[in-house]
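Open the model in your viewer and keep the selection tool ready. We will go stop by stop.

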Amino acid sequence: MKTKAIEMRQSNRQSKKPPVRVRLAGAITLALLASACSHTPMTFENAKQSLVAHPETAAVIQDKWVARSDSLSPDLTPPDPTPGSYGLDPASGEFTHPIATRDSHDRKPFDGILDYWDTEQYIKNMKVEAYYPITVEPFHTWQNIVDFDGRRYLYQYVRRDLKIFDITDPKNVELLLTRGHTWGANGPDEVDQNPMEDGEMFGAASIQWNQALQKYIMVQAYEVRRFGLLKNKRTQPDKVEAIRKSKHLKGFKVFEMNGPMPEDWRLLAERTTDYKNPDAPIGEQQGSGVRDLPAYFGGDTMFVAAAPDASYSLTEYPNDLYSAGYQSWDMSDPSNPTFLQQLTVPGQIAFDPDHEAAFKANPRAGNRTSWMGARMSLFIPKPVEEGGKYGYAAMGGLGFYVVDITDPADMKVVSHLNFEPSVAGTEGDFIDVSQVEKTGIVYFSGYPLNEDCWEPYKDVHMIDVSNPEKPFKIGVLPRPKPPADAAFSDFCQRRGSFGPKRTGYYTQPGEPRDGILPFNFYNAGLQVFDVKDVNNPEIVAYFVPPFNTERVASYARGNLSHSVYVEYDRNLFWLFTNHGFYALSSPVLGEPNFGMPQQPWPPRQ
């Protein structure tokens with residue numbers, strides 16, 4: 001396929017880099033408007049005091065791109081909501097979320113929240129088949145499952161921490177390899193085992209069978225580090241500079257997997273997503289690298305989320321420098337990936353008049369909180385090589401997009417849907433496309449970032465895309481509720497984060513079930529939705545794990561469960577938590593199989 005780079009027009013005008021300071025009038029106006037929708041009135045002085053309490057609002061920004069983004073709007077950081085404007089109604093037991101909040105990593109207890117970590121577990125229509133108290137990291141991990149020579153292997157990892165398990169017998173899992181740290185009650189162990197070399201990591205990976213090579217091919221994403229390094233891009237210029245000049249690849253690596261262990265893997269290629277400077281050395285490559293998971297299915301084309309350079313800077317989120325778009329790559333020769341196209345949507349590029357106008361028109365502009373741009377790659381129900389026509393894009397505060405991928409070198413936006421602002425938290429991160437080929441419906445969601453429900457609730461939106469040019473919202477999935485015997489009436493009371501994350505990976509062993517969506521829900525564990533009746537979706541099974549105060553450091557307890565991975569070919573759920581992982585079965589999947597399936601995974605056709 002012919003290489004084709006689609007670049008948006010950019011202005012040559014340069015910023016004079018004036019100090020970026022808080023504009024109290026605009027921010028207070030927003031606070032007063034928000035108060036009008038709440039139960040408790042907010043006075044002008046209350047709003048002013050609330051804003052002045054935010055230390056980040058009077059920063060002088062040194063980075064050209066961060067300064068330009070902030071210069072396009074006044075500082076409209078949401079003021080802290082007054083206690084009476086949100087919280088638990090003791091009469092009904094229902095929780096009212098704040099209208100809007102800033103990004104926060106601190107606890108925000110309210111009247112009625114538990115004053116202890118709930119160590120009970122709750123289960124419906126589900127069975128715990130096994131539990132393994134092994135923690136790669138308590139905040140977030142990625143997973144893959146691959147079969148070699150009649151045995152099944154699970155890879156659990158995040159950046160420089162990796163564990164490889166033999167899960168051939170789900171009730172007797174064996175840990176084969178540890179690289180990096182293991183987490184426990186005091187945090188990560190002091191000395192990492194088998195440490196990776198400087199600049200190396202295990203990035204979010206897609207592992208697929210390549211028919212031409214008759215081998216498994218693994219593509220690993222190399223993304224810039226944010227958490228643990230940068231907290232606020234407006235006040236930490238040294239950290240911003242460190243990310244700009246990251247001492248690792250910004251892009252992806254391609255491996256040939258000749259066995260389950262790292263010594264069996266052979267590096268085929270590495271590429272930077274800085275496509276304008278493809279030969280730039282480490283430290284000089286620009287942009288974000290590949291964000292989260294590559295959409296690669298073993299064929300001739302791959303799609304990734306990436307910002308190629310610093311100009312993709314129009315995002316409010318405090319610890320992110322880039323508003324990512326999408327790239328397509330020719331993978332017909334996995335040892336020589338070739339860049340095809342960069343797809344950008346309005347409102348991403350600084351110093352471009354059209355993009356800046358679109359950004360300023362977004363109601364989130366100035367809130368210093370919203371994630372703008374792609375977090376994950378396009379969500380694709382059918383690969384291009386099999387006749388797939390559409391990919392679906394979750395772009396945070398920029399909304400939902402339908403993209404024509406028929407010609408990967410000429411991706412085109414087909415349609416767009418906006419949603420009402422829901423900040424803090426990520427507003428559009430994930431799209432489940434497992435049902436769309438049969439029902440025409442996709443499920444679009446963000447996820448919470450603040451604890452104690454100190455942000456608006458993150459709905460899972462049902463979108464009808466049967467006419468790709470005119471998608472429309474048809475409803476939301478029901479909010480999970482605790483069982484009657486729980487010591488709380490709403491999951492917000494249980495502490496930590498509450499809301500949807502994802503239903504798993506782009507591909508998982510076997511075929512997804514018609515009408516079944518297994519969402520990880522943080523402190524509400526695994527919630528399984530039956531969506532066969534579009535007008536009456538319901539929760540038909542759940543497993544809510546206990547909080548574990550003996551195995552988890554106090555600062556990591558709130559992120560109870562962060563991922564689900566489903567073996568549809570063995571009828572098993574794997575739920576990954578901050579204190580280990582669980583193997584679960586349920587009648588909604590069918591009778592579990594504890595032996596090896598008949599066909600290896602990934603499929604070799």
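Buried means under 20% relative accessible area, exposed means over 50%, and partly exposed is in between (1.4 Å probe, protein chains only). This is a predicted model: local features need pLDDT of at least 70, side-chain atom pairs count only at pLDDT 80 or more, and totals for chains, interfaces and linings use all residues. Residues are numbered from 1 along each chain as its sequence is written, and side-chain values use heavy atoms, with hydrogens and water left out.

**Stop 1: a surface patch**

Select F472. With 41% relative accessibility, F472 counts as partly exposed. F472 is found in strand β25. Helices (H or I, at least four residues) and strands (E, at least two) are DSSP runs, numbered from the N terminus. Together with F472 they form a nonpolar surface patch of about 210 Å² accessible area. Patches are made of residues with over 30% relative accessible area and no salt bridge; like charges are joined within 9 Å, nonpolar side chains (Val, Leu, Ile, Met, Phe, Trp, Tyr) within 5 Å. Accessible areas come from the Shrake-Rupley method with a 1.4 Å probe; for residues, only the protein chains shown count as cover.

**Stop 2: the disulfide**

Select C453 and C492. A search of the whole structure finds one disulfide, defined as a pair of cysteine sulfur atoms within 2.5 Å. Here the sulfur atoms of C453 and C492 are 2.1 Å apart. The torsion about their S-S bond is about -90 degrees, so the disulfide is left-handed. C453 lies in the loop between β23 (441–447) and β24 (460–464), and C492 in the loop between β25 and β26, so the pair ties together parts that are 39 residues apart in sequence. Both cysteines, C453 and C492, are buried.

**Stop 3: G496**

Stay in the loop between β25 (472–476) and β26 (516–520), where G496 has its place. G496 is buried, at 2% relative accessible area. Which residues touch G496, leaving aside its neighbours within four places in sequence? They are W117, E451, D452, C453 and G558; contact means heavy atoms within 4.5 Å. Show the C-alpha atoms of G496 and G558: they are 3.6 Å apart in space, and the residues are 62 apart in sequence.

**Stop 4: D452 and R107**

Select D452 next. D452 forms a salt bridge with R107, the closest N and O atoms being 3.2 Å apart. A salt bridge is a side-chain nitrogen of Lys or Arg within 4 Å of a carboxyl oxygen of Asp or Glu. D452 is buried, with a relative accessible area of 0%. R107 counts as partly exposed, at 34% relative accessibility. A search of the whole structure finds 36 salt bridges.

**Stop 5: helix α3**

Select residues 64–71. Six of the eight residues of helix α3 are buried, so this helix is largely enclosed by the rest of the structure. The buried residues are W65, V66, A67, R68, S69 and D70. Their cover includes α4 (237–244) and α5 (353–361). R234 lies in the loop between β12 (215–222) and α4 and D70 in helix α3, so the pair ties together parts that are 164 residues apart in sequence. Both R234 and D70 are buried.
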